[in-house]
Amino acid sequence: MPDEPAEESEELDVSTSNEVEQETSRALGKETRQVLLAVLLVAAFMALAHFTPLKAWITNVQTWKSLVREFGWGAHAVFVAACAGVVMLGVPRLPLCAAAGLIFGFGEGLALSLAGSTCGSYGAFVLSRHGFRRAAESRAEKWPWLKKLLKKPSIMRVFWVRQLMVPGLVLNVLLGMTPVRHSRFLIGTMLGYMPLNVAFSLVGSGLGKGSLAHTLAQLLAAMAVINIAAWLVYRVMKKQRGE
């Protein structure tokens with residue numbers, strides 16, 4: 001499909017707006033529960049690790065990180081390429097975000113997981129514009145309102161749908177079937193991935209900290225991020241409904 005200029009998002013009909021609002025609420029609730037579960041599991045494990053013989057595990061993690069740092073940018077390139085490849089095939093990105101935080105630390109892990117997941121999504125998007133779309137298109141029939149929402153996608157709508165509990169591969173293919181510009185897809189996808197990537201990178205990074213207080217601070221930050229993101233998505237949703 002040619003890369004035509006994307007028009008401004010059209011107003012959704014009442015039934016579609018209501019369905020999208022319900023799906024958004026359900027998705028945000030599930031995302032919050034996912035982050036909360038990960039936070040509780042990491043907090044419990046790290047508390048045990050600091051007060052039991054499991055503390056040796058923390059030392060081992062620091063050793064592994066030192067080995068990774070010895071590879072320099074090669075390790076970063078391998079992770080981004082691997083992340084992009086599996087995300088393009090439809091593998092969930094969140095475990096990769098946590099792994100990036102654990103291996104590289106929060107800052108580098110966030111940057112690498114965001115680059116890898118965005119590149120992987122873009123790869124699937126480009127392939128869909130060359131005809132590789134049939135399987136994902138059939139899966140999209142489960143969400144008839146989604147096609148209406150993505151009929152004329154803006155950056156804000158791309159951001160919005162990235163918060164929904166719809167498989168990333170399906171979204172990438174559906175967006176490839178629209179006239180959305182490559183730049184809008186990339187910006188909207190990167191912004192849309194940011195909240196959960198930040199939260200899970202914080203959780204993963206907290207898993208290997210030598211200080212329990214530092215771990216707890218990062219876990220609290222992860223919960224704060226997901227709650228702020230939920231508030232922002234609701235703001236976007238209300239704005240989109242009023243267009």
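The structure holds zero disulfides, a disulfide being a pair of cysteine sulfur atoms within 2.5 Å. The structure is a predicted model, in which local features need pLDDT of at least 70 and side-chain atom pairs count only at pLDDT 80 or more, while totals for chains, interfaces and linings use all residues. Residues are numbered from 1 along each chain as its sequence is written, and side-chain values use heavy atoms, with hydrogens and water left out.

## Exercise 1: the cysteines

Solution. Begin with the bond itself: a disulfide is a covalent bond between the sulfur atoms of two cysteines. Then turn to accessibility, where buried means under 20% relative accessible area, exposed over 50%, and partly exposed in between, computed with a 1.4 Å probe on protein chains only. Finally, take Cys-119, which is in no disulfide either, as its nearest cysteine sulfur, that of Cys-83, is 8.9 Å away; with 45% relative accessibility, Cys-119 counts as partly exposed.

## Exercise 2: the aromatic pairs

State how many aromatic pairs the structure holds, and describe the geometry of the pair of Phe-79 and Phe-104 and of the pair of Tyr-122 and Phe-185.

Solution. First recall that a pair of aromatic rings is described by the distance of the centres and the angle of the planes. Rings of Phe, Tyr and Trp (its six-membered ring) pair if their centres lie within 6.5 Å, and planes under 30 degrees apart count as stacked, over 60 as edge-to-face and the rest as tilted. By this rule there are four aromatic pairs. In one of them, Phe-79 and Phe-104 lie 5.5 Å apart, centre to centre, with 75 degrees between the planes, and the pair is edge-to-face. Phe-79 is in helix H3 (residues 73-88) and Phe-104 in helix H4, 25 residues apart, and the pair links distant parts of the chain. Both Phe-79 and Phe-104 are buried.

Now repeat the steps for Tyr-122 and Phe-185, whose rings are 6.3 Å apart, centre to centre, with 45 degrees between the planes, which is a tilted pair. Tyr-122 lies in helix H5 (residues 106-128) and Phe-185 in helix H10, so this pair ties together parts that are 63 residues apart in sequence. Tyr-122 is partly exposed at 26% relative accessibility, whereas Phe-185 is buried with a relative accessible area of 0%.

## Exercise 3: helix H9 and Asn-172

Decide whether helix H9 is largely enclosed or open, and list the contacts of Asn-172.

Solution. Count first: seven of the nine residues of H9 are buried, so this helix is largely enclosed by the rest of the structure. Among the buried residues of H9 are Val-170, Leu-171 and Asn-172. Asn-172, at 1% relative accessibility, counts as buried. With contact meaning heavy atoms within 4.5 Å, and leaving aside neighbours within four places in sequence, Asn-172 is in contact with Ser-121, Ala-124, Phe-125, Ser-128, Arg-162 and Phe-185.

## Exercise 4: the largest pocket

Describe the volume and the lining of the largest pocket.

Solution. Start from the rule: on a 1 Å grid over the protein atoms alone, a cavity is a set of points where a 1.4 Å probe fits but cannot get out, and a pocket is an open set with protein on both sides within 12 Å along at least five of seven lines, lining residues having an atom within 4 Å of a point. Grid points are joined across faces, edges and corners, and a volume is the space filled by probe spheres set on the points. The largest pocket holds about 480 Å³ of space. Its lining has 22 residues, of which Pro-92, Arg-93, Val-166, Pro-167 and Gly-168 lie nearest the centre. The largest share of this lining, four residues, comes from H9.

Conventions. Helices (H or I, at least four residues) and strands (E, at least two) are DSSP runs, numbered from the N terminus.
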